[in-house]
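Please walk me through this structure in the viewer. Tell me what to select at each stop and what is there.

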Amino acid sequence: MSTLSTRAGAAPYTKLVLRVYDLWVVLISNNYGWRCNRAHFSDLYRQHIGHRHLEVGPGSGWALANIDLPADIELTLLDLNANSLDHTASRLNLSLTLIEHDVLLPLNASVDKFDSVAINYVLHCLPGEWSTKATALTNLARTLTPEGVLFGSTVIGVDQNFSVLGKVLMFAYNKFGVFGNRRDDLPGLRRVLSERFEHVEVTMVGNVALFVARRPRRHARASP
Ligand SMILES: C[S@@+](CC[C@H](N)C(=O)[O-])C[C@H]1O[C@@H](n2cnc3c(N)ncnc32)[C@H](O)[C@@H]1O
């Protein structure tokens, strides 16, 4: 299920692109485009991944494939693009639940709640303003247990000192709809997270906001 406008943000992840994703995005773009080494993302997983975990927008699945997952993990992958689901599943020697779905649309309310949800490098792929992207956060807040944690990352577009490669990537990705983050600002991210969670930490590394949000607010947990 998707809306027309969200397709562009998920479309690039063909089987071929996913094969070079770890080199191009995880190594080159992170280090020289956004100036945020992959260790920062791995640390988020090591610190926050829980027993029942929902991975939103796994892409190549590099993070899950490179950390020691909890032995008892129950893992669900959600992505608009089936290639990302299949590619990640093929890297993990686990039984998984795969959900092909647009994170901007409500999730099935009958799915059991999660202890942790990761949403890395997905918000900057979504079209629109924070008010639109925040729908994804509302949908995910509803999937968490009351003690659950949401963690993730996104490239901020406003008031940033971009490297030359960062400028080129920002221009090209926004032009073709791969990114929709030209108007994504840091105060806006903090605001939409704080409206939905009681405890929010946002840390900037290079041009990347790394965030951890706990205790989904009661109104955010309620079904529409
Ligand atoms: C840039 S990759 C991120 C991969 C990985 N999480 C990482 O941190 O490197 C974005 C992923 O989000 C997925 N995606 C983009 N828009 C989406 C949407 N509206 N709903 C669900 N998944 C989406 C893409 O298909 C892709 O797998």
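Which atom of Gly57 lies 2.7 Å from a nitrogen atom of the ligand, one of the backbone or one of the side chain? Select Gly57 and the ligand together: the atom is a backbone N or O. Keep in mind throughout that this is a predicted model.

Next, select Asp79. Here the side chain takes part: one of its polar atoms lies 2.6 Å from an oxygen atom of the ligand. Then go to Asn120, where a polar backbone atom is 2.9 Å from a nitrogen atom of the ligand. The ligand taken alone exposes 600 Å², and the protein buries 97% of that area.

Now show the whole shell. The ligand is surrounded by 21 residues, and Tyr21, Gly57, Asp79, Ser84 and Asp102 are the closest. Color the shell by class to see 11 nonpolar, eight polar and two charged residues.

The last stop is the cysteines. Select Cys36 and Cys125. How many disulfides does the structure hold? It holds zero. The cysteine sulfur closest to that of Cys36 belongs to Cys125, and because the two are 15 Å apart, they are too far from each other for a bond. A disulfide pair would need its sulfur atoms within 2.5 Å.

Are these two residues buried or exposed? Cys36 has 0% relative accessibility, so it counts as buried. Cys125, at 10% relative accessibility, also counts as buried, the cut-off being under 20%.

How values were computed: Residues numbered from 1 in each chain as written. Predicted model: local features only at pLDDT ≥ 70, side-chain atom pairs only at ≥ 80, totals over all residues. Heavy atoms only, no water. Near = heavy atom within 4 Å. Polar contact = N/O pair within 3.5 Å; in protein donor to acceptor, adjacent residues only side chain to side chain. Areas by Shrake-Rupley, 256 points an atom, 1.4 Å probe, with all protein chains shown as cover. Nonpolar A, V, L, I, M, F, W, Y, C, P; charged D, E, K, R; others polar. Buried < 20%, exposed > 50% of the residue type's maximum accessible area, 1.4 Å probe, protein only.
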